[in-house]
Each structure stands twice: as structure tokens, then as C-alpha cells.
Amino acid sequence: MVPFKTILILGSFVALVACERPAAPPSASAAASYDLTAYLNRQTERLQKEQPMVLKSVTTQHQQTETIETTDLDWTDELAIFQDVDLSRPALRDFYTETTTTLPNGNTQLLYTKSETSAAPVQYLQLQLTPGRQLQRLEAMVLDKNILFYSKRKIVLTANPAENSNISSYHIEGTQKLIFSDSLHYNIVANL
């Protein structure tokens with residue numbers, strides 16, 4: 001079983017990395033596609049107020065999965081990694097190509113792909129929206145690396161359009177490595 005202390009350290013590390021980049025105001029062109037920041041802010045406020053029961057599992061390599069059921073989560077910290085993939089910041093506008101596809105079920109898929117020359121950490125962002133423009137699914141790949149640190153995370157968030165597009169689950173699968181240490185592979189799954 002993974003010690004809860006490991007979970008706290010991992011969570012603190014993710015929160016620290018999330019705090020490294022200040023959020024700039026959304027650009028008009030990107031906000032016209034989908035205002036992810038506004039959605040996440042509404043969800044954070046709602047979840048902080050309601051404090052729903054969450055079943056959260058954390059798995060690290062060579063360790064058993066540790067699962068907790070709790071209503072005591074700081075939703076600002078929990079959703080910080082999803083705030084990090086908002087590409088509406090003006091500084092990021094020129095680094096991504098947007099592709100819009102209508103899916104067979106009538107949903108719209110927005111895919112933002114990073115240019116090869118960009119050093120931006122978000123490799124891609126994929127949003128699936130209902131015909132009423134409600135978020136149903138978010139998927140992104142985030143890669144951060146420098147001389148001392150390497151982190152690669154695939155994040156997925158699902159929402160229930162039948163319930164005002166409220167978050168129903170999220171999943172973070174990642175690898176991180178600090179200089180002079182082994183890689184740590186982890187998997188976090190939360191169901192509301």
C-alpha cells in the first residue's frame with residue numbers, strides 16, 4: 001500500500017508545478033472556441049460548496065493501489081492541472097493549430113495541436129462538446145522538462161451533460177523524474 005505521505009508529496013508536487021505559470025486573461029479568439037477557465041472556475045466553486053463524496057485511487061509503480069473515499073478535498077488544488085491546459089492565454093495563441101470535427105453523435109471535437117517549434121508544455125488538448133456547447137470530455141498531454149526535472153502527464157476529465165456538465169471523473173497518468181533519482185510512474189483516478 002502506498003503510504004499516504006507519498007500521496008501528499010505527489011499532490012504537493014503537482015500543485016507546485018501548477019503554480020509555476022501565472023494565468024493570463026483569455027484571448028478573444030480562443031475564448032470563442034470554448035472558455036475552459038470559466039468552466040473550471042464554476043466547477044471548483046460548486047465542488048468547494050457541495051463537497052461531494054469522491055472515491056480516489058493512487059497507484060505508484062511497484063506499490064499496491066491506495067484508495068480513499070472522502071469529502072475533504074481542496075478542489076482548487078485538485079483541478080489545478082486542468083487549469084494549466086487552458087490554451088486561451090494570449091502568449092500561447094500562436095503555438096497551436098485548432099481543428100474542429102463534428103462527431104457521429106453530433107458532438108463537436110476541438111483539437112489543439114502544438115507546433116513542433118514551440119516550447120509550450122501542453123502537447124495537445126482535445127475537448128468534446130455537446131451540441132449545446134457543454135463540456136463532455138477533456139484530454140491533454142503535458143510535458144515539462146529541464147536540466148533538473150522531467151514530467152509527462154496525460155490527463156482526462158469527463159463531465160455529465162445531463163447534470164449541467166458537472167465533472168463526473170478525472171484521471172492523471174504520469175511519469176516524473178528528478179535529477180539523481182529514479183523515475184516515478186503514477187496513476188490517479190477520481191470518481192465523484
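Strands E3 and E4 (residues 108-114) are paired in the antiparallel sense over seven bridges, where two strands count as paired if DSSP finds at least two bridges between them. Within this pair, Thr100 has Leu110 of E4 as its bridge partner. The model is predicted, and for this reason local features need pLDDT of at least 70 and side-chain atom pairs count only at pLDDT 80 or more, whereas totals for chains, interfaces and linings use all residues. Residues are numbered from 1 along each chain as its sequence is written, and side-chain values use heavy atoms, with hydrogens and water left out.

The secondary structure of the chain comes to five helices and nine strands; these are DSSP runs numbered from the N terminus, helices being H or I of at least four residues and strands E of at least two. From the N terminus on, the elements run α-α-α-β-β-α-α-β-β-β-β-β-β-β. The nine strands form an open, antiparallel sheet in the order E2-E1-E9-E8-E7-E6-E5-E4-E3. E2 and E3 (96-102) stand at the edges with a single partner strand each, so one side of each is left without a neighbour in the sheet. On average, neighbouring strands of the sheet are turned by 10° against each other, direction ignored. For such angles, axes are lines fitted to C-alpha atoms, for helices over the stretch in contact, and the angles run from 0 to 180 degrees between N-to-C directions.

Ser57 has Thr67 in E2 as its bridge partner. E1 and E2 form a hairpin with five residues between them, and His62 in the turn has a positive phi of about 60°.

Helix H3 (residues 36-50) lies across E6 (135-145), E7 (149-160) and E8 (166-178), and runs at about 105° to E8. Of the 192 residues of the chain, 44% count as buried, that is, under 20% relative accessible area, with exposed meaning over 50% and partly exposed in between (1.4 Å probe, protein chains only). The largest nonpolar core has 36 residues, of which Tyr39, Phe82, Val85, Leu125, Leu138 and Leu157 touch the most other members. A core of this kind is a set of buried Ala, Val, Leu, Ile, Met, Phe, Trp, Tyr and Cys residues joined through side-chain atoms within 4.5 Å. Apart from its neighbours within four places in sequence, Leu125 is in contact (heavy atoms within 4.5 Å) with residues including Val85, Leu110, Leu138 and Glu139.

Asp86 lies in the loop between helix H5 (80-83) and E3. This residue counts as buried because its relative accessibility is 6%. Its contacts beyond four places in sequence are Leu36, Thr37 and Leu92.

Five salt bridges were counted, each a side-chain nitrogen of Lys or Arg within 4 Å of a carboxyl oxygen of Asp or Glu. Glu139 is bridged to Arg137, with the closest N and O atoms 2.8 Å apart, and to Lys154, with the closest N and O atoms 3.9 Å apart. The latter pair links distant parts of the chain, Glu139 in E6 and Lys154 in E7, 15 residues apart. Glu139 is buried at 12% relative accessibility, while Arg137 at 26% is partly exposed, as is Lys154 at 33%. Asp144 forms a salt bridge with Arg153, the closest N and O atoms being 2.9 Å apart. Asp144 is buried at 12% and Arg153 is buried at 2%. Shared partners join Arg137, Glu139 and Lys154 into one salt-bridge network.
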